[in-house]
Amino acid sequence: MESTTSWSHPGNRFHRFLALILMCFLCFGSYFCYDTPGALADNFKSDSHLNTSQFALLYSIYSWPNVVLCFIGGLLIDRCFGVRLGTIIYMSILFVGAVVFAFGVYIDKFWLMILGRFIFGIGGESLQVAVNNYVVLWFKGKELNMVFGLQLSFSRFGSTVNFWVMEPIYRWVANYYGGYERLGVTLFVASLTCLGSLICGLILGWMDYRAERILDRPENNANDPPFRLVDVLNFKPVFWLVSVICVAYYLAIFPFIALGKLFFERKFDFNPQDANTVNSMVYLLSAALSPFFGILIDKTGRNVTWVILSIVTTIGSHFLLAFTFVNPYVGVISLGISYSLLASGLWPLVAMIVPENQLGTAYGICQAVQNLGLATVIILAGVIVDKYGYLMLEMFFLGCLFIALIAAVLIYIIDSANSGVLNLSPSAREGLKT
Amino acid sequence: MHPHVITKIYRILIVVFISSSVHGQNRKITSSLNPGCGECSNSSTLVYIRALGAQDTIHQIWDFTKHLPTVILVVGSINSSLSIQWDRTVPTNFAWSELPLYSFATVIDSLYEYDDLDDSGSFDPRRPYKEYRFTRTSWALEDIVLTDKEVMVQMHGHINNDGLNGVVFIKFDLFPFKDYAAELPHLIHTANSTQVDVSLERLPVSREYNASRFAVHLVLASSEDPASTLHYVMRKSLDDEHTPGVFEIIEIKTPSLFDGQDGGYLQFRPIGYTARERNVGSSTMAHVSSFNRTSLPQRSTVATFYKKQMLLVQDMVVSFGDSGDGFYRQHNYTAWSFTMGYGTPPVESFSVFVVAVITAGLTVPALLALSGVAVVLRRRWARDTLPTRLTNED
């Protein structure tokens, strides 16, 4: 494959690089628009007169349906759409949702805002599943870990960028519009990122179509029997352990960041702005470091060892934040490093465990259980803080991480007992293939 | 259910833990209302508590008879005793069987209403403020408990002073053992301390102030060198388990305590509440002013108690609020709790649950790592001893 030197040939490195950029931007729009209410929280309260629970509904209407929807979304990719059409469909749904939401704000109708967020949610998480499939399709056996790490953290980075730019955009729009209209127009502007992502999706689809033709890539489910829902039950135990990590590990990251700002203010006497800066370190670091960790894992293999290592360092970081007054930058930076290491090591595991024609469903399941965990725990974490304080919340996060650690060690044991490929070096994996 | 279980575990642990420590010791308490007063009716309230310990006796006098809510804490020998002489319903003399070893008193003598022009929450004497003294406030008894397990009085007073017409609730509470208070901010009480709750309800704000907040004025007196000073100490703790979201504890220490001996103290969290329902959402900041030298309030029970004795007397103002919270009128309610005690201020400790999680957190990963190593070693051994199987596979 690498023998082809022409840059226009799909097997060329340049093509993969272009595809990588497109894949990164595919999810950028979705994460960007997901957090627009968060970035403009005060304006939502003052311009649209939303109370706290109405505001919270903007987020929960997104997450709760996704407990089921992204599983279905993944299944549909495997059974009906295929990855190209699936991506474009989910991307379009996402864009429509963002526009409907903006329109709802523009005419100040709360039910329309909620409807918009709901439509947005249908597309959002399923899109991530589709993109995961794309990544595996293009990079398996090559830079898979690096691409996964980069793609996942670049998406999260979308929400960080959103927090930076929405406020200036809002102020600029406020020169021309007033009241809830200026908020609506600001959201229309934000939805353009989804349009951008949709265009990326179309280009990527064309590239993929061309690559398939020229490289004569076998059709996904040409020879395999069609994938049925009951086949889910035949997924290997290792896959379910990976799902456990997907839930348990991320529970100790996202809710922590959601509640982190006040924690830094209260415990470390940070002013609100500094607290925000510390808090955003995790995503920032992961955007910067993921490609490098991905390359590291591509070179060294042994994904499970890296996953175990990153869970252990995450535990260390949470210990530091919970039980010391050491400057929280230390804890948060090591948290960010561990988090990006885990993302690069964990998600590619699924592609090594599950056959390619079931990947959509598999990633759908991971994403679905993760959503279920996050949706419930965000509420639970708030209750823990109110009743038992931040120390207890940290204990809860540590508990989740121990569960993740146990799951990771079990994967290691099961995999090595069955002479599996998960924890081998790349050369050993190559050796097994031939 | 969960908190109750935790509390029970605390109690068991604490009883075990405390019996060895001198200053957190349990005491045998006896209490009486208006002791020695023949003509007292419901209208006068003076509670006397005698708390007998292993080495000393702590006497506490909670007084409302001269309008200013007062707690006097007196340390004497085991056999020391107090008798009070009355003129109708007012105490005129406190006679000791022997000279007390130490005493410490707190008087809540007035409220301040201040115009918080820069919306910082804290009281600034350079800004406009009014003082409402309790000198004409009559206190009505709401609730009283006088048992050997708990002594408590709850009073309320209507403030009719320069147009103010609200209600101030004051509660004094003592338990003869160490524990966390049932209510937020879950301060630690010991047999040597009294918890004081103050709440200011529906106080009308002055029309000329746009940013009214209320502050509590305290006069603190101790039988120590008049030239010495009280000390403000803020401790930070890792553990906000008992007061969610609050990591600081403030202690006002008398000079002797600050120098490492036993002495009087106030202990509280820098937090007040803006609703009867106390939770994180209804909490607000409490700010402590610096200390000023002053004298005992005239015609007060402390003045009667101390007569001409040389004392350290200082006052301080505790104010409440946070910028942007809409000032007092937003909730028409402010409450604050502190403990006042003798000895070494109690230090909060990790709960059994936290300790259990930490222990599990350290041992489980260690065990996992060991088992992981064990599995790998076993496999290596198996590979070495069964080479044929592997070659067959290949």
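Q: Is the crossing in which H1(A) passes H7(A) left-handed or right-handed?
A: This is a predicted model, in which local features need pLDDT of at least 70, side-chain atom pairs count only at pLDDT 80 or more, and totals for chains, interfaces and linings use all residues. Residues are numbered from 1 along each chain as its sequence is written, while chains are lettered from A and ligands numbered from 1 in the order in which they are written. A crossing is left-handed if the near helix is turned anticlockwise from the far one by less than a right angle, and right-handed if clockwise. Where H1(A) passes H7(A), the crossing is left-handed.

Q: How is H1(A) oriented relative to H7(A)?
A: The axes (lines fitted to C-alpha atoms over the stretch in contact, with angles from 0 to 180 degrees between N-to-C directions) of H1(A), residues 13–34, and H7(A), residues 179–215, come within 8 Å and cross at roughly 150°. Because angles over 145 degrees count as roughly antiparallel, H1(A) is, relative to H7(A), roughly antiparallel.

Q: How many charged residues does the contact of H1(A) with H7(A) have?
A: Among the residues that meet there are Phe25(A) and Phe28(A) in H1(A), and Cys200(A) and Leu204(A) in H7(A). By class, where Asp, Glu, Lys and Arg count as charged, Ala, Val, Leu, Ile, Met, Phe, Trp, Tyr, Cys and Pro as nonpolar, and the others, Gly among them, as polar, this contact of H1(A) with H7(A) has 14 nonpolar residues, 8 polar residues and, as for charged ones, none.

Q: Which helix gives the largest share of the side of chain A that touches chain B?
A: In all, 23 residues of chain A are in contact (C-beta atoms, placed from the backbone, within 7 Å) with 20 residues of chain B. Helices (DSSP runs of H or I, at least four residues, numbered from the N terminus) H9 (254–268), H11 (303–323) and H13 (359–417) of chain A each give two or more residues to that side. The largest share, 18 residues, comes from H13(A).

How values were computed
Contact = placed C-beta atoms within 7 Å. Parallel < 35°, antiparallel > 145°, perpendicular 65-115°, else oblique.
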